[in-house]
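User: I have a structure open and want to learn how to read its features. Can you take me through them one by one?

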Amino acid sequence: MIDTIIERAHIFDGTGSPPLACDLAVVNDRIALIGDLSEHDAHERIDGRGLTLCPGFIDVHSHSDELWLINPRCEGKILQGVTTEIGGNCGSSVAPLRGLAFERKQEELARYGYGEQWNDLDGFFTLIERNGVALNVATLIGLGTTRRGVRADREGKLDRRESEAQCALVREGVEQGGLGVSSGLIYVPSRYADLDELVACARQARDAGQPRYVSHLRDEGDALFEALDEALEVGRRAEVAVQCSHHKASGKKNWGKAHDSLRAIDRARASGLTVHADAYPYTAMWTDLATILPKEALFGGREETLTRLQDPEIAAGLVFRLELERADTWRDITIAGGLSERNARLAGLRMDEIARTWNTHPARAALRLLIEERLEPQALFFSMHEDDVNAVLSASFTCIGSDASARALSGVTAQGVPHPRTYGTFPRIFSRFVRGRKTFEIAEAIRRMTSLPADIFGLANRGRIRIGAYADLVLFDAERIADTATYERPFSAPVGIKSVLVNGKAVVHNGAITGALPGRALRGGCCI
Ligand SMILES: [Zn+2]
């Protein structure tokens, strides 16, 4: 017996081919039949006339991680048509957790009132399977997390024992289902890894059967090309595929550089290296406010940094330097979240506005906020030009990654004023870059969200509509699908998506969340 027939939709198979108007049948968790199914019986029929049906979107750059446990319904993602998320990006992952990495994760979990613990990826995935989750989840192994596990947040080269311990953690993580390794080379402690360390870890991933190095580059602005070279060099030396995360040219004086960095990636690809990128369709970044601090301020980790910021002499020097460097760019920084109750009302305000409220310089206000909130504040940095964003999106090797976690539209995971990409990334590709700027045709946009990422990350039987594939599906109105989340009002669901199926079960039906949790942990890209 057929569970669901979706009737007469325009079916895009995810490969970039033109659509076919026909019926599609789902039996259990798979696509069972495609064609004229008008004579078949089914438990449920969904009218797809005038609508587009394609494989569920794969968010290659998610930061959901532990939020999959805290908010298993993942509303903000499934409402966008996302059916699989890859977490563990930017050097930070849910496992393996040792030493300080374990302690920090407990702090984060305590903030959400979550009581379960785990040390390794298998333990985490087991909790996911026990709890249920709305979409499929997979993860990279974060090299900031593994480094923190063996050397806390101290800078400097790892000694032999530490290096071996880190490699063992990477190995463990990949053997338990990690899809490769990720680095976040602007964050403590991932930033302290040198080329040798990155290569050694990427080799572990390769030897364990997941040859992927995913990198938030060491610099996305003034030193973008050098930073990109470093990532490509890791790929060459470790013989792994390279993924350039949220690729961009950041900072006004670097606008236009994306064209050259894309050419550099083209050259590397022509030389035989496997390189891809991902991007989100917005001109603002969203990251820690602490990333404005120079490296001298960050040495030693959080406690040492906080002590330093509270030293009047050091603070005066930092204020002088930040005012000089940042000059008139404070108005391009909006505080988004990571605030305790005492400062919660500052969410959504620009740094220059906060400074005025506090009757001080923006740099001094930023330091005060970092101290009061223990380096936790997150901020939006309006630092990109849309022509660069468009250039990155137009490259055939770029897939789509939200760089955001799966949050609800209200409640504990929806605090502050987060980046609208949290709720709008995938629909916005259609409204602004397919229909608006005509960056690509719809079939190509779909390919970048489905078969391309499935192939890059080795997600077995996903990302394509074909008989026998998992029934991860999105049914939407191609003329109407759009984001509605804005920088001012991010908690807003997209429009134009009728149904979303994960492993054959509807998680969104007639535009509403069903509450079903049919997602699976994809260990090594597969599910058991
Ligand atoms: Zn990042």
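User: Is Cys74 buried or exposed?
Analyst: This model is predicted. Buried means under 20% relative accessible area. Cys74 has 0% relative accessibility, so Cys74 counts as buried.

User: Where does Cys74 sit, and what is its phi?
Analyst: Cys74 is in the loop between α1 (67-70) and α2 (75-78). Its phi is positive, about 50°, although Cys74 is not a glycine.

User: Which phi does Glu239 have?
Analyst: Phi of Glu239 is near 55°. That is a positive value, again in a residue other than glycine. Glu239 lies in the loop between α8 (224-238) and β12 (241-244).

User: Is Glu239 buried or exposed?
Analyst: Exposed means over 50%. Glu239 has a relative accessible area of 57%, so Glu239 is exposed.

User: Next, peptide bonds. What is omega between Ala95 and Pro96?
Analyst: Omega is about -5° there, and the bond joining Ala95 and Pro96 is cis. Pro96 belongs to the loop between β7 (82-87) and α3 (99-111).

User: What about the bond from Val188 to Pro189?
Analyst: That peptide bond is cis too, with omega near 0°. Look for Pro189 in the loop between β10 (181-184) and α7 (195-207).

User: How do I read a metal site? Which residues coordinate the zinc ion?
Analyst: Look for the donor atoms around the metal. Here they are SG of Cys90, ND1 of His216 and NE2 of His246, at 2.1 to 2.3 Å. In sequence, the spacing of the donor residues is C-x125-H-x29-H. Cys90 and His216 link distant parts of the chain, 126 residues apart. Cys90 is in the loop between β7 and α3, while His216 is in strand β11 (residues 212-216).

User: Are Cys90 and His216 buried or exposed?
Analyst: Apply the cut-off again: buried is under 20%. Cys90 has a relative accessible area of 8%, so Cys90 is buried. His216 is at 4% relative accessibility, so His216 counts as buried.

User: Last, the core. How many residues are in the largest nonpolar core?
Analyst: That core has 124 residues. Those touching the most other members include Phe57, Trp118, Tyr213 and Phe476. The largest share comes from α8, with seven residues.

User: What does Phe476 touch?
Analyst: Leave out residues up to four places away in sequence. Then the contacts of Phe476 include Leu51, Phe57, Phe430, Ile442, Gly496 and Lys498.

Conventions: Residues numbered from 1 in each chain as written. Predicted model: local features only at pLDDT ≥ 70, side-chain atom pairs only at ≥ 80, totals over all residues. Heavy atoms only, no water. Helix = DSSP H or I, 4+ residues; strand = E, 2+ residues; numbered from the N terminus. Buried < 20%, exposed > 50% of the residue type's maximum accessible area, 1.4 Å probe, protein only. Donors = N, O, S within 2.8 Å, 3.2 Å for Na, K, Ca; no water. Core = buried A, V, L, I, M, F, W, Y, C linked by side-chain atoms within 4.5 Å. Contact = heavy atoms within 4.5 Å.
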